[in-house]
Amino acid sequence: MSDQPRRPRPSGKPYRRPKKDPVRVLAFEALRAVDERDAYANLVLPPLLRKAREKEGPEAFDARDAALATELVYGTLRRQGTYDAVLARCVDRPLGEVDPPVLDVLSLGAHQLLGTRIPTHAAVSATVELARVVLGDGRAKFVNAVLRKVAQDDLDGWLERVAPPYDEDPEDHLAVVHSHPRWVVSALWDSLGGGRAGIEELLRADNERPEVTLVARPGRATTEELLGEDAAVAGRWSPYAVRLAEGGEPGAIAAVRDGRAGVQDEGSQLVAIALANAPLDGPDRRWLDGCAGPGGKAALLGALAAQRGAALVASEKQTHRAGLVARALEGNPGPYQVIAADGTRPAWRPGSFDRVLVDVPCTGLGALRRRPEARWRRRPEDLEGFAPLQRGLLRTALESVRVGGVVGYATCSPHLAETRAVVADVLKQYPDSDLVDARPLLPGVPDLGEGPDVQLWPHLHGTDAMYLALIRRTG
C-alpha cells in the first residue's frame, strides 16, 4: 500500500470512507425487501437479524441493536403515511418522483427524528451516513438537506401543519395523524359504530407494538410451565395464554421449540375455544378446520378435541401451508389428519362433522399491529376479490356439518363487508341454520357488544381484531 497521502478532492477535503452502521443498514435492507418483494417485515427481519449476529458477532450486534433495528423497521412502516405527509412538505418534487431507496432512507430518518428519542444531531448524521453507504455521496447530500428541514419541528408541530383540521375533514385528519389510509379509517369507524374517542383509541392501538402471546397446547404443555419463564405473565382472557414482556424471545423457550406451545394471539385462541365449547346436539366425535394454515388454531383445536375423544381433520388448500399445519399438529395427543384440499370443493361427504371452523382469507385489517405494511398494500377493491371465497367457504362449512352441529366463521378483519355481510348473505340461502350467541362462550371478556356474533378489538381487548359468528344447523 502506498505511503503517499490521499489526493484531496476538488472541494479540498480528503475523502472519508462512509462508516457502515449494521443496525441501520439492516433496517434499510428490510424496508427494501418489503417494498420490492412485497415481503412482510415479520418474515424478513428474523433471518436478517441472524445474519447480522453471525457477521458482526454477538458483542458487536447485541440484543439492544436487534431491538433498535426492529423498532426502526416497524416504526417506519407503521408511521409511513404520517412521514410521507411531512416529507412531501420538505422535498421539492412529488414523492412519487423520489427513487424508492432514497425515500426509504428518508423515512428511516424521519422516524428517528419524529418517532424516537434519538437526539436530532445523531438521527440526522446516522441517516446521512447510511445514505452514503447505500446510496452514494450525491444522494446523501439530498437526504441531509431534507432531514434538516424535517428536524425543524417535532411530530406534534408537523401534524398541526400537514393534517387537515378534524372539523373540516375528520377522516383525512385521522388518516394523517394516525397513519392509516383514509378508506381503512372509514371502514374501521363504520365497524365501531361511530364516535371519535373509539376510533382514535383503535388507530393508536394499531400503531403500538403488540405483545408476544404464547399458547400452552392442552395435554402437551401448561400455563404454569410457561409462567416459569422470565418475563412471562398470564394471559387476560384465554386459560391457555401466557404473555411475554417486551424483549421476550419465544424461540428460547423449550416448550415452544418442542411444539408443545406456540405463538398465538389471544384473539385467535378465543375463537378456537368458543367453537370447542359451543353447545351442540348429538355426538361430538369429528371436528374440521377448513382453512387450517398455518396451523395455530388447528393445533389448539386438535388438543381440545383430544380431551373430548374427538378427531380433527385439518384441511389447507396450499400444499406448503399444509406442511406447516402438519408441523404444528405433530405430537398432538389425539387422532388427527392433515389434508391438502380446497375448502370450497370438499374432499369429504356432506354432514361429516360435528364442529367446523373456517377462518377465512381476508384483508387482514385486524392484524395491522403485527403487519403494519398491510395497511399500505390493501385496496378497497381487494374486498371484492375475497368476497366470493369467503361466502363459498362458509357455504361449504354449513354443508359439511351435520344437523345439530356448529360452524364457526372467523376473520382477522373487522370490516363489515368481511364479517356480518358475509354471514347475513349466506344464511339467507340456509334458512335451516341459526346464529348462536357467542358471548357466553368467552367468559370474562368485556365489551362484546349486542351479539350474537363477537368482534374483538386491539384497544378494548389487547388482541387482534378477530371476528367470530357461530352458526348451528337445525335442519
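A residue counts as buried when its relative accessible area is under 20%, and as exposed when that value is over 50%, with partly exposed in between. The structure described here is a predicted model.

**Cysteines**

Cys90 has a relative accessible area of 3% and is therefore buried. Cys291 is buried as well, because its relative accessible area is 12%. Across the whole structure, a search for disulfides finds zero. For Cys291, the nearest cysteine sulfur belongs to Cys362 and is 10 Å away, and Cys291 is in no disulfide. A disulfide would need the two sulfur atoms within 2.5 Å.

Cys412 is listed by UniProt under "active site", in an unreviewed entry. The annotation may be inferred rather than shown by experiment. Cys412 sits in the loop that runs from strand S9 (401-411) to helix H19 (420-429). With a relative accessible area of 16%, Cys412 falls under the cut-off and so is buried. Setting aside residues up to four places away in sequence, Cys412 touches Asp359, Cys362, Gly364, Leu365, Gly366, Ala367, Asp464, Ala465 and Met466. Cys362, one of these contacts of Cys412, is also the residue that carries the cysteine sulfur nearest to that of Cys291.

The accessibility values of the residues discussed in this report are set out below.

| Residue | Relative accessible area | Class |
|---|---|---|
| Cys90 | 3% | buried |
| Cys291 | 12% | buried |
| Cys412 | 16% | buried |
| Ala231 | 44% | partly exposed |
| Asp281 | 51% | exposed |

**Backbone geometry**

Most residues other than glycine have a negative phi, and most peptide bonds are trans. Several places in this model depart from that pattern. The peptide bond from Gly293 to Pro294 is cis, and its omega is near 0 degrees. Pro294 belongs to the loop between strand S5 (286-289) and helix H15 (296-308). A cis peptide bond also leads from Gly451 to Pro452, with omega near 0 degrees. Pro452 is placed in the loop between strand S10 (433-436) and strand S11 (454-455).

The loop between S10 and S11 also holds Asp447. Asp447 is not a glycine, yet its phi is positive, at about 55 degrees. Ala231, another residue other than glycine, has a positive phi near 65 degrees. Its location is the loop between helix H12 (223-227) and strand S2 (232-234). Ala231 counts as partly exposed because its relative accessibility is 44%.

**Asp281**

Asp281 lies in the loop joining helix H14 (266-277) to S5. Its relative accessibility of 51% is over the 50% cut-off, so Asp281 counts as exposed. Asp281 and Val406 are 125 residues apart along the chain, while their C-alpha atoms are separated by 9.2 Å. Apart from neighbours within four places in sequence, the residues in contact with Asp281 are Arg402, Gly404 and Arg472.

**Helices H9 and H10**

Two packed helices are described by the angle between their axes and the distance between the axes. For helix H9 (residues 170-178) and helix H10 (residues 182-192), the axes come within 8 Å and cross at roughly 110 degrees. That angle lies in the range of 65 to 115 degrees, and H9 and H10 are therefore roughly perpendicular to each other. Their crossing is right-handed. On the H9 side, the residues that meet H10 are Pro170, Glu171, Asp172, Leu174 and Ala175; on the H10 side, they are Arg182, Val185, Ser186 and Trp189.

Terms used:
Residues are numbered from 1 along each chain as its sequence is written. This is a predicted model: local features need pLDDT of at least 70, side-chain atom pairs count only at pLDDT 80 or more; totals for chains, interfaces and linings use all residues. Side-chain values use heavy atoms; hydrogens and water are left out. Buried means under 20% relative accessible area, exposed over 50%, partly exposed in between (1.4 Å probe, protein chains only). Helices (H or I, at least four residues) and strands (E, at least two) are DSSP runs, numbered from the N terminus. Contact means heavy atoms within 4.5 Å. Axes are lines fitted to C-alpha atoms, for helices over the stretch in contact, and angles run from 0 to 180 degrees between N-to-C directions. Angles under 35 degrees count as roughly parallel, over 145 as roughly antiparallel, 65 to 115 as roughly perpendicular and the rest as oblique. A crossing is left-handed if the near helix is turned anticlockwise from the far one by less than a right angle, and right-handed if clockwise.
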